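The sequence and structure are shown below for reference.

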Amino acid sequence: MPELPEMETYRRLLQERIGGRSITATLVQREKTINLPPNEWNRILLGNRITLVDRRAKHLLFHLESSHVLLLHLMLGGFLYYGSTEDKLDRTAQVTISFDDHILYFHGLRLGYLHLLTTWQLDERLDPLGPEPLDPSFTLTRFTELLTEKRGILKTALVDQHWLSGIGNCYSDEICFDAAILPTRRIPELTDEEIKQLFHSMQAVLKEAIQFGGYMEPPFYRDDDLTGGFNDRCRVYDRGGEPCVRCGKLISKGKLSSRKVFACTNCQH
Ligand SMILES: [Zn+2]
């Protein structure tokens, strides 16, 4: 599932391409993906201009001139493609939104959604989310405060969107590896030094992942050489049985509730 760096990569690529542009056509192939009757959804979107593409947690927000917002969550299996009808992918898009001769394709939205909301509805939907880890106001002091309120396992906390938003299965493992701390550690047992290291690793890993286009591989447009560039830079995620880049011992793959956990049990403590 795409996490903060993947959605931030999409946000930057989309803002460059559709920011300020007007919607010239829409097509809904799967009505369950949207939240209004297709006619009404189309009526509001047609001719409407995208004023800003923003991100909150794992969501993308397409702000519209009419003050409505399209809220996208890709969930598991969803991805975006942008191009002309000639270079589109050979697979079904659940929704397409056209900007003259260029089309934004929403693929794999079986669980994901694209909801058209008023700003009031949007605030209500985003209100339960925890803070953004890369927000300048999210400091080590704030992170430490959050951790002191939390019991249980570190990884479970890191992926809890109500506690801290944007981090999921991949980056929770990558952050813990970078910090040399096991994701299965109990939060109350973390030392001040470890909390400080975790905070710095969180910033470093997320920023590096954004710089390299996240780990999700489907290209966003033809000749896209950015999207998915972090996949080869993942140190532990989906690398069970491979040698650790830090110590050479094999990465272990475990389970925590229903989640996969990847870690080096030799150099993470
Ligand atoms: Zn190791």
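## Domains and their interface

A salt bridge is counted here when a side-chain nitrogen of Lys or Arg lies within 4 Å of a carboxyl oxygen of Asp or Glu. The model examined is a predicted one. Its domain assignment gives domain 1, residues 4-126, and domain 2, residues 140-263. The C-alpha centres of domain 1 and domain 2 lie 28 Å apart.

How many salt bridges are counted between domain 1 and domain 2? The count is one. Asp87 forms a salt bridge with Arg222, and their closest N and O atoms are 3.8 Å apart. This distance falls within the 4 Å limit, so the pair qualifies under the definition. On the side of domain 1 that touches domain 2, the elements giving two or more residues are H1 and strand E5 (79-83). H1 supplies the largest share of that side, with 10 residues.

The size of an interface is often expressed as the accessible area lost when the parts come together. For domain 1 and domain 2, the buried area is about 1800 Å², and carbon and sulfur atoms give 70% of it. In terms of residues, 20 of domain 1 are in contact with 20 of domain 2.

## The sheet E2-E3-E4-E8

Four strands form an open sheet in the order E2-E3-E4-E8, with antiparallel pairing. Strand E2 (50-56) and strand E8 (113-117) stand at the edges; each has a single partner strand, so one side of each is left without a neighbour in the sheet. From one strand to the next, the twist averages 20°.

Within this sheet, strand E3 (residues 59-64) and strand E4 (residues 69-73) run antiparallel and are joined by five bridges. His63 stands opposite Val69 in E4. Helix H1 (residues 4-18) packs on the sheet and touches E2, E3 and E4, its direction making about 170° with that of E2. Helix H2 (residues 38-45) lies across E3, E4 and E8, and runs at about 65° to E8.

## The sheet E1-E6-E7-E5

An open sheet of four strands has the order E1-E6-E7-E5, and its pairing is antiparallel. Which strands form the edges? They are strand E1 (25-28) and E5, each of which pairs on one side only. The twist in this sheet averages 15° from one strand to the next.

E1 and strand E6 (residues 93-99) run antiparallel, with four bridges between them. Thr26 stands opposite Ile97 in E6. H1 packs on this sheet, touching E5, E6 and strand E7 (102-107), and its direction makes about 25° with that of E5. H2 lies across E1 and E6, running at about 160° to E1.

Side chains of opposite charge can pair when their charged atoms come close. By the salt-bridge rule, the count comes to 16. One of the salt bridges joins Arg12 and Glu8, whose closest N and O atoms are 3.1 Å apart. Arg12 and Glu8 are separated by about one helical turn, because they are four residues apart in helix H1.

## The hairpin of E9 and E10

Strand E9 (residues 252-256) and strand E10 (residues 259-263) run antiparallel and are joined by five bridges. Leu256 has Arg259 in E10 as its bridge partner. Two residues lie between the strands of this hairpin, and Ser257 takes a positive phi near 55°.

Terms used:
Residues are numbered from 1 along each chain as its sequence is written. This is a predicted model: local features need pLDDT of at least 70, side-chain atom pairs count only at pLDDT 80 or more; totals for chains, interfaces and linings use all residues. Side-chain values use heavy atoms; hydrogens and water are left out. Two strands pair if DSSP finds at least two bridges between them. Axes are lines fitted to C-alpha atoms, for helices over the stretch in contact, and angles run from 0 to 180 degrees between N-to-C directions. Contact means heavy atoms within 4.5 Å. Domain bounds come from an automatic or database domain assignment. Buried area is the accessible area (1.4 Å probe) that two parts lose on being put together, summed over both.
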